[in-house]
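I opened my notebook today to look up charged pairs in a protein chain. Here is what I wrote down, entry by entry.

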Amino acid sequence: MASDLTLPGDYAALLGDLKGRIRSAQTRAALAVNRELVLLYWHIGQRILARQAQKGWGAKVIDQLARDLKAEFPELKGFSPRNLKYMQQFAAAWPDEQVVQQLVAQIPWGHNIALLQALKDPAQREWYARAAIQHGWSRNVLIHQMDTRLIDRQGQATTNFDRALPAPTSELAQQLLKDPYTFDFLSLHDEALERDLERGLLAHLRDFMLELGVGFAFVGSQYHLEVGGEDFYLDLLFYHLKLRCYVVIDLKIGEFKPEYVGKMNFYLSAADDLLRHEQDAPTIGLLLCRTKNKVIAEYALRDMDKPLGISAYHLAENLPIDLEGQLPSISELERRFRDANGRLDEK
């Protein structure tokens with residue numbers, strides 16, 4: 001039987017608040033469990049390292065230890081010989097318990113294994129660990145960022161931010177831009193146009209946003225601006241939530257040319273007048289070109305007052321255009337395979 005109870009007017013607000021608190025508590029509990037697990041694994045690894053140094057423990061002892069721990073704790077899955085060896089490597093890689101507590105215990109065990117497998121340099125491991133915490137990367141995203149050498153690309157765009165933006169905004173903006181950008185999810189033939197590049201990036205918008213980094217909110221493509229009674233279109237328009245400003249991206253399929261800066265200067269002036277609110281910081285421009293000459297880019301920006309960055313990008317390898325269409329498609333290969341099987345059956 002349905003209840004005739006009339007709920008108070010503030011019931012919905014109370015329910016929403018309690019739901020938020022419960023979810024927050026669940027998140028904190030999960031983080032606490034992960035922290036304790038990683039610390040446990042570190043302590044186990046430390047004990048194994050000590051016994052190896054003092055007693056000469058070998059692989060057979062670790063295998064026996066794994067069997068005994070699994071027999072005692074059958075409900076736990078983390079005590080395989082392989083994982084015990086990871087614990088040993090983990091403890092050797094992070095000898096300072098305070099660093100473990102404050103840094104790598106904040107990310108899941110799978111992330112820590114990925115760091116061990118991919119990187120030998122302690123400083124690089126720490127950089128990626130901190131980035132994973134800051135941006136909330138999944139394990140796959142962390143692996144991707146290590147594979148594409150994000151540490152070498154972050155903050156490397158050619159910009160005039162130090163002159164066009166106030167500190168510390170200029171420093172933050174510089175660190176947000178990369179050079180080169182890696183669009184390994186996208187391949188284009190040599191005769192492609194800027195519009196093809198734009199369509200490809202929009203078709204893979206999730207991957208594109210991941211490569212741009214945290215904080216970029218997509219506003220639109222071919223974003224229309226009317227200036228002096230004429231129509232103009234921005235290739236891509238974003239808003240950065242931390243910088244609190246619009247970001248105009250202009251795509252170029254070839255190498256950087258100095259005249260691109262003048263066009264971007266016009267776009268930024270128009271965006272500041274037509275889009276920017278009083279609370280917004282100045283609009284930032286990003287020219288993405290297939291290649292760039294760093295010296296020419298620096299000269300082009302020397303007397304530019306609007307904040308602008310210039311970066312190159314890399315695409316996935318693709319067939320030369322003269323071979324496209326000459327190789328059989330998947331459906332054609334399947335048809336040939338079926339025909340070949342049919343002839344064999346007849347024999």
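**Notebook: charged pairs**

I began with Asp272, which is buried at a relative accessible area of 11%. For me, buried means under 20% relative accessible area, exposed means over 50%, and partly exposed is in between (1.4 Å probe, protein chains only).

Before going on, I noted that this is a predicted model, where local features need pLDDT of at least 70, side-chain atom pairs count only at pLDDT 80 or more, and totals for chains, interfaces and linings use all residues. Residues are numbered from 1 along each chain as its sequence is written, and side-chain values use heavy atoms, with hydrogens and water left out.

**Entry: the partner of Asp272**

Which residue forms a salt bridge with Asp272? I found Lys306, with the closest N and O atoms 3.2 Å apart. A salt bridge here is a side-chain nitrogen of Lys or Arg within 4 Å of a carboxyl oxygen of Asp or Glu. This pair links distant parts of the chain, 34 residues apart: Asp272 sits in helix H13 (residues 259–274), and Lys306 in the loop between helix H14 (294–301) and strand S7 (308–315). Helices (H or I, at least four residues) and strands (E, at least two) are DSSP runs, numbered from the N terminus. Lys306 is partly exposed, at 22% relative accessibility.

Next I looked at Glu211 and Lys178, whose side chains meet in a salt bridge (3.9 Å, N to O). Glu211 lies in helix H12 (residues 205–212) and Lys178 in the loop between helix H10 (169–176) and strand S2 (181–183), so the pair ties together parts that are 33 residues apart in sequence. Are these two buried or exposed? Glu211 is buried, with a relative accessible area of 1%, and Lys178 is buried too, at 2%. I also saw that Arg153, Lys178 and Glu211 are linked in a network of salt bridges.

**Entry: a partly exposed pair**

Then I turned to Arg149, which forms a salt bridge with Asp152, their closest N and O atoms being 2.9 Å apart. Arg149 is partly exposed at 30% relative accessible area, and Asp152 is partly exposed at 46%.

**Entry: the whole chain**

How many salt bridges does a search of the whole structure find? I noted 11. The protein chain has 15 helices and seven strands. Of its 347 residues, 37% are buried.
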